[in-house]
Amino acid sequence: MDELTLLRNTRSETEPPESTLHRGRAALLAAASGSAQPHISTSRRPRRARRFAIGGLSTVGAAALVAGLVLTDVVGLAGWRGGADAAAAAVLDEASAAAIASVDPVVQPGQYLRVNTRGVHLSSGGIGDVVASYQYASDDTLYRPADPSDDWVWVRGPQSIAATFGPESEQVANAWWEAVSSSSGSFEAGDLLRAPGGAFYGGDAGAGFADLDQLPRDPYRLLNYIYRVTLGSGPSPDTEALVYMADRLRVGNVPADLRAAMYKAAAMIPGVTFISDQATLDGRTGVAIGRVEDAWGTRVDIIIDPDTGTFIGDREVLLRDQDGVPAGTAVRWTSVTSSVVDEAPEGGSVCGKMTVDPETGQC
């Protein structure tokens, strides 16, 4: 049996020989030493769609190479290329210990987990020959019932202009808001949705929540799993791993044991550093841990309270002037708060303000 076949057949409960592990890791390290291709955007399209190349290979070639080496949670990038700096690792270890010692909120029958997500996002638009970037704010609240198969409620607060960057930016932002506020069917002006199992707009039930129970709780295996499922996304495997964690933590109901594992896993990501012990996000102060991504010209941060293990939020800070937006701007940030409540707002529908196709019943 050759080494590649052995790796393909390896499962999380089976340990391959050390010689295979060392050779696989060495080959993967050599392949991953190439630089990421820069790709910077300030549109509202998710950055998750960005692709990277490894060692001069195309994305397809890189994916084929790494897929042959990182097929399980046993063999992968985690833990053997260095990790976070000492200060960041200490904070993450403290937060992990605090999280594992904490008690998850208990949602009794008839109650809801209320998750409020406030944020600011960067967008671009144009009027004729004028193209500019601006920021808009959002304020959404999700009510998840004790029984996940019951009706979930999603209150999408009206969006608003958060910041502009000069006259042209202000012009574009005002045009966007006029279009939003004049359209009765625009969800940006606010919406109320209700759907069994959280299948809003007819989509996947409880999107963002469903896979939490399946994620590994061992930090090493968790980080290898993340590297594997994000293969080919983002500007680099390490930045995309941190982004993946922030995306999951943002859903607001990550169990304590998984939060603890994520903090430990983040400490194994090369390039993660301590940023500030007085990082304020939406009026809440915590410790910022981040990673610079040269391809984006930004730094991706997570903000946590190491004393309680609470995830406060995340942000992306611009490191160089870009499209009229000055360096130092937090081009995107999100804060999350969770609590248990006895009731959710009345009303709402699966499609909210969107029209329903009478033939298919889809939004």
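Which residues in α4 meet which residues in α8? That's where I'd start with this one, bearing in mind that the model is predicted.

1. On the α4 side, the residues are L92, D93, A95, S96, A99 and I100, and they meet A256, D257, R259, A260, Y263, K264 and A266 in α8. Sorted by class, this contact has eight nonpolar, one polar and four charged residues.

2. As for the geometry of that pair, the axes of α4 (residues 86–101) and α8 come within 8 Å and cross at roughly 170 degrees. Angles over 145 degrees count as roughly antiparallel, so that's the label for α4 and α8.

3. α8 (256–266) turns up again around α6: along with α7 (237–249), α8 is included in what covers the buried residues of α6. Those buried residues are R221, L222, L223, N224, I226 and Y227, in a helix that runs over residues 219–229.

4. Have a look at the start of α6 too. D218 caps the N-terminal end of this helix, with a side-chain oxygen 3.2 Å from the backbone nitrogen of Y220.

5. Now the cysteines. Searching the whole structure gives one disulfide. It is formed by C351 and C363, with 1.9 Å between their sulfur atoms. Both cysteines sit in the segment after β10 (330–341), so the bond ties together parts that are twelve residues apart in sequence. The S-S torsion is about -85 degrees, which makes the disulfide left-handed.

Notes
Residues are numbered from 1 along each chain as its sequence is written. This is a predicted model: local features need pLDDT of at least 70, side-chain atom pairs count only at pLDDT 80 or more; totals for chains, interfaces and linings use all residues. Side-chain values use heavy atoms; hydrogens and water are left out. Buried means under 20% relative accessible area, exposed over 50%, partly exposed in between (1.4 Å probe, protein chains only). Helices (H or I, at least four residues) and strands (E, at least two) are DSSP runs, numbered from the N terminus. Contact means heavy atoms within 4.5 Å. A polar contact is a pair of N or O atoms within 3.5 Å; within protein, one must be able to donate a hydrogen and the other to accept it, and residues adjacent in sequence count only if both atoms are side-chain atoms. Axes are lines fitted to C-alpha atoms, for helices over the stretch in contact, and angles run from 0 to 180 degrees between N-to-C directions. Angles under 35 degrees count as roughly parallel, over 145 as roughly antiparallel, 65 to 115 as roughly perpendicular and the rest as oblique. Ala, Val, Leu, Ile, Met, Phe, Trp, Tyr, Cys and Pro count as nonpolar, Asp, Glu, Lys and Arg as charged, and the others, Gly among them, as polar. A disulfide is a pair of cysteine sulfur atoms within 2.5 Å.
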